Amino acid sequence: MAMEHEMHHGDEHPSSTIRQYVMTGILLTAITAVELFLSYSSLPHGLMITLLIGLSAVKFAIVVAIFMHLKFENRLLTRLFLFGLVLATCIMIALLSLFWNDTTDAVGGIPEGQQTAPKH
Amino acid sequence: MAAAHAEPQHNTTTGIDNRKMLMWVFLASECLFFGSLISTYLIFKGDSITGPLPHDVLDIPLTSTSTFVLLMSSLTMVLAVFGAQHNRLGLMKGMLLATIVLGLAFLGFQVFEFRTFGHEGLNLTTNQFGATFFVLTGLHGTHVGVGVLYLASLLVASGRRNGLGKEVALHVDIAGLYWHFVDIVWIVIFTLIYLIP
Amino acid sequence: MATAVGTLGHTREESTVWKWMTTVDHKKIGALYLITGFTFFLVGGIEATLVRTQLAVPNGTVLDAGLYNQLFTMHALTMIFLAIMPMGAAFFNYFIPLHIGARDVAFPRLNALSYWVLLSGGLILTSSFFFGEAPNAGWFAYAPLTEKEFAPDKGLDFYTVGLFIAGLASLMSSLNFAVTIINMRAPGMTMMRLPVYMWMTLVVAFLLILSLPVITVALVQLYFDRNFGTNFFTPGAGGDPILWQHLFWVFGHPEVYVLILPSMGIVSEVLPVMSRKPLFGYTAIVMAGASIGVLGFGVWSHHMFTTGLGTVPQYVFSASTMAIGVPTGIKVFNWLGTMYGGNIKMTVATYYSIAFVALFTIGGISGVMHASPSVDGQHQDSYFVVAHIHYVLFGGAIMGIFSGLYYWFPKMTGRLLDETLGKIGFWFIFIGMNLTFFPMHFLGLAGMPRRIYTYDAGLGWETWNFVATIGVYIIVVGVALFLVNVFKTFRKPPDAGDDPWGGATLEWATTSPPPEHNFDVVPVVRDRDPVWYNRDHGIVTPEKPAHLHIHMPPPSYFPLVLGIGILLIGVGALSSLAITALGVVVVYYALWGWALEPTE
């Protein structure tokens with residue numbers, strides 16, 4: 001790593017080798033293949049979605065930690081990035097739960113002439 | 001290895017190079033950007049009044065191939081960074097070129113996909129699926145395109161005398177961060193849009 | 001063309017205009033921001049004065065309905081995005097490096113670029129008046145009012161493009177400021193020794209970095225709705241106008257804190273110096289600022305209680321809104337505690353700071369009232385809301401900025417503003433402000449809706465509307481007095497000295513105005529109030545070395561070229577694809593030049 005600095009002296013991280021990078025690439029491909037298999041399988045819907053999201057989160061984490069070297073960097077960078085990532089996730093969850101639980105908004109809106117007073 | 005040490009910015013408070021920190025904070029911001037786009041897609045999921053609907057047009061084997069292409073570009077990118085850091089400029093340039101080619105291939109897949117959807121009657125105005133899908137994947141594709149230009153510029157500059165100078169490892173590293181981020185966004189998009197029925 | 005064209009030799013004599021156009025000095029850029037921001041403040045003020053003149057008497061005939069809609073919309077957009085934010089950015093620019101003991105910001109050229117891009121956004125937004133129609137759907141531009149069907153003119157396209165570009169500028173400057181504060185501090189300047197102003201700046205930077213992308217997405221979607229026929233926000237075809245409100249306020253509420261936190265920071269600098277004692281409860285005020293930053297992302301739907309959120313979301317957002325009142329309240333007590341028992345110097349800056357605390361508290365309390373959905377339902381879209389936001393933004397943000405102007409003017413120019421004239425001006429602004437906005441509480445409770453261009457006699461609204469309009473004219477006099485004061489001050493020789501107030505932070509340890517490299521010797525920080533600490537412990541500033549071996553980044557015109565490229569892309573988005581393409585080429589060319597330009 002080029003950006004090792006004084007504060008981290010003594011903290012010699014194991015410099016990743018080409019072999020390790022290639023293995024990581026193969027692992028990512030394998031996870032993608034599993035995902036693909038899952039999406040064609042006849043698992044229950046909820047379980048499948050959980051597994052798919054879980055696996056893509058694993059892929060996400062592997063790329064960030066190994067390919068983007070976040071595992072080996074100053075912790076501050078992890079915190080800075082995680083702040084955005086966590087906030088984005090929270091806002092997504094909040095927005096989705098606001099909209100998906102919204103019973104006043106039927107699919108495509110309520111047709112003309114069938115509108116009723118909003119329920120309380 | 002110690003290329004960046006000779007530079008005037010080495011004495012930052014935290015020891016992290018300013019430019020690298022800028023890129024990470026920018027990527028944090030990009031999380032919110034793509035988070036909003038993906039939210040919009042999911043909010044409108046199932047709200048399309050007319051077809052074609054996702055399961056009518058989405059071609060999962062094809063997109064799996066392009067996803068694989070983008071994953072491999074992340075691998076070549078990290079090898080380019082490795083080459084830059086270990087002073088193996090030949091490896092670096094070869095892998096940068098490979099990354100650019102893979103990125104262009106991904107964009108090619110996307111153009112093909114958009115055209116096919118168009119022939120099947122799906123465009124921006126057809127329904128909510130069309131609008132949210134094209135805006136989300138289109139903006140992601142724009143990011144890939146910017147990344148290709150970014151890497152191509154680095155490759156050209158690295159061929160010039162004094163082009164990237166002593167900081168070549170840092171520049172390739174930072175470009176790599178951007179590239180990998182675009183890749184992980186695609187990992188999320190692929191799962192949420194294509195794989196989840 | 002040689003590759004080093006952007007770098008200008010230090011030896012050649014350059015014209016003044018060219019120097020300012022190519023500057024990368026944070027102080028010069030700060031001055032540009034300040035002049036631009038204040039100019040837009042005057043433009044926004046003229047718009048407000050026209051609006052109030054129309055409303056002075058029932059059935060006013062000064063403006064017609066269409067122009068009225070454009071003026072109130074542009075008043076808000078101008079004040080928020082082109083006046084308060086740039087003036088905040090002006091002080092950030094000028095004082096971040098001085099406060100943390102750095103020679104410049106982390107990315108001087110990016111800093112210049114931010115300014116040029118902001119100017120582009122401001123020009124696009126304001127030029128809409130000359131191209132048919134300005135935006136006219138209110139600053140939060142609720143769908144479906146903004147859709148092609150209801151707003152066929154170009155006005156809303158100027159809104160989307162102008163705000164997009166202004167947002168880009170804010171994003172770049174925020175990234176720059178965040179990295180600078182984290183990474184460019186002088187030796188000994190730990191995070192918990194940062195001036196409170198720096199903490200507030202850091203919070204503002206992160207609020208912008210994390211909220212701007214959301215509005216960017218919303219603006220892109222609106223642009224697509226209007227120009228490419230998508231239906232994100234049109235209900236008939238499956239779209240959802242409420243989505244716009246959510247996306248807008250996910251950005252819009254943190255934005256409110258973006259507007260107020262800089263002023264909170266300024267007041268936290270002015271009050272300790274003028275009270276001649278350290279800030280009371282430094283840790284509390286820093287933590288309060290940070291928690292406002294975090295909580296600020298979790299309250300957005302309190303702007304939308306009347307859209308039928310459902311019971312649970314109303315509880316959640318009501319509770320989080322009340323919770324965010326707590327750190328805000330903590331700060332008020334910090335400021336009071338700072339003044340308590342102090343030997344207070346009653347300067348104009350002190351006047352404005354005290355006014356800030358008082359008026360902001362009023363605005364804060366009416367804000368907590370809106371946290372209750374049932375109360376909010378009564379206040380929604382009435383003048384009560386207008387009163388609330390003006391107490392927060394005029395009574396808060398603007399008062400803080402004026403305090404900063406009086407406090408830092410001697411540092412920036414070497415000249416002290418006239419105190420007597422300043423105090424007269426203060427009373428005009430203070431009284432005018434309260435005359436204008438306090439009656440709006442009554443008007444709102446009496447049922448007057450906001451954004452109506454005229455009203456009938458006999459509704460009980462005449463008196464207070466007339467009083468409010470009188471108040472605006474009094475504010476105009478106060479602002480004019482400030483301008484007179486500035487012009488008068490520039491005609492006298494520098495008289496401020498390096499440290500006219502007995503300041504505590506590092507900017508007072510250098511000359512007024514500071515040299516290009518800020519400090520002859522990078523200061524070593526031993527305390528939260530480094531200048532006071534050195535004074536009390538008899539630590540003298542090291543002698544200026546005979547030879548300063550300081551490399552400042554050379555001027556560059558690539559930020560300007562890149563800014564022009566982005567302006568062209570924006571103009572193209574409003575007119576033709578060819579101009580956009582040209583803009584992209586210019587941007588790419590400028591980026592090449594930028595990247596290869598030697599900065600040594």
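Predicted model: local features only at pLDDT ≥ 70, side-chain atom pairs only at ≥ 80, totals over all residues.
User: Why are helix 13 and helix 14 of chain C called roughly antiparallel to each other?

Analyst: The axes of helix 13 (residues 419-445) and helix 14 (residues 462-490) of chain C cross at roughly 155 degrees. Angles over 145 degrees count as roughly antiparallel, and helix 13 and helix 14 of chain C are therefore placed in that class.

User: What else describes the packing of helix 13 of chain C against helix 14 of chain C?

Analyst: The two axes come within 7 Å, and helix 13 of chain C passes helix 14 of chain C in a left-handed crossing. By class, their contact has 23 nonpolar and eight polar residues, with no charged residues.

User: What makes C:Ala141 count as buried or exposed?

Analyst: C:Ala141 has 24 C-beta neighbours inside 10 Å. The cut-off for a buried residue is 20 or more, so C:Ala141 counts as buried. C:Ala141 is placed in the loop between helix 4 and helix 5 of chain C, and its phi is positive, at about 45 degrees, although it is not a glycine.

User: On what basis is B:Asn87 classed as buried or exposed?

Analyst: B:Asn87 has 12 C-beta neighbours inside 10 Å. A residue with 12 or fewer is exposed, and B:Asn87 therefore counts as exposed. B:Asn87 is found in the loop between helix 3 (60-85) and helix 4 (89-119) of chain B.

User: How do you know that the peptide bond from C:Ala143 to C:Pro144 is cis?

Analyst: Its omega is near 0 degrees. C:Pro144 lies in the loop between helix 4 (108-127) and helix 5 (155-183) of chain C. A cis peptide bond also joins C:Ser512 and C:Pro513, with omega about -15 degrees, and C:Pro513 lies in the loop between helix 14 and helix 15 (530-536) of chain C. Most peptide bonds are trans.

User: How many residues does each chain bring to the contact between chain A and chain B, and which element of chain A gives the most?

Analyst: Chain A brings 43 residues and chain B brings 48 residues. On the side of chain A, the elements giving two or more residues are helix 1 (18-40), helix 2 (45-67) and helix 3 (75-100). Helix 3 of chain A gives the most, with 14 residues. By class, this side of chain A has 31 nonpolar, nine polar and three charged residues.

Note on methods: Residues numbered from 1 in each chain as written. Chains lettered and ligands numbered in written order. Contact = placed C-beta atoms within 7 Å. Helix = DSSP H or I, 4+ residues; strand = E, 2+ residues; numbered from the N terminus. Nonpolar A, V, L, I, M, F, W, Y, C, P; charged D, E, K, R; others polar. Axes fitted to C-alpha atoms, helices over the stretch in contact; angles between N-to-C directions. Parallel < 35°, antiparallel > 145°, perpendicular 65-115°, else oblique. Left-handed = near helix turned anticlockwise from the far one by under 90°.
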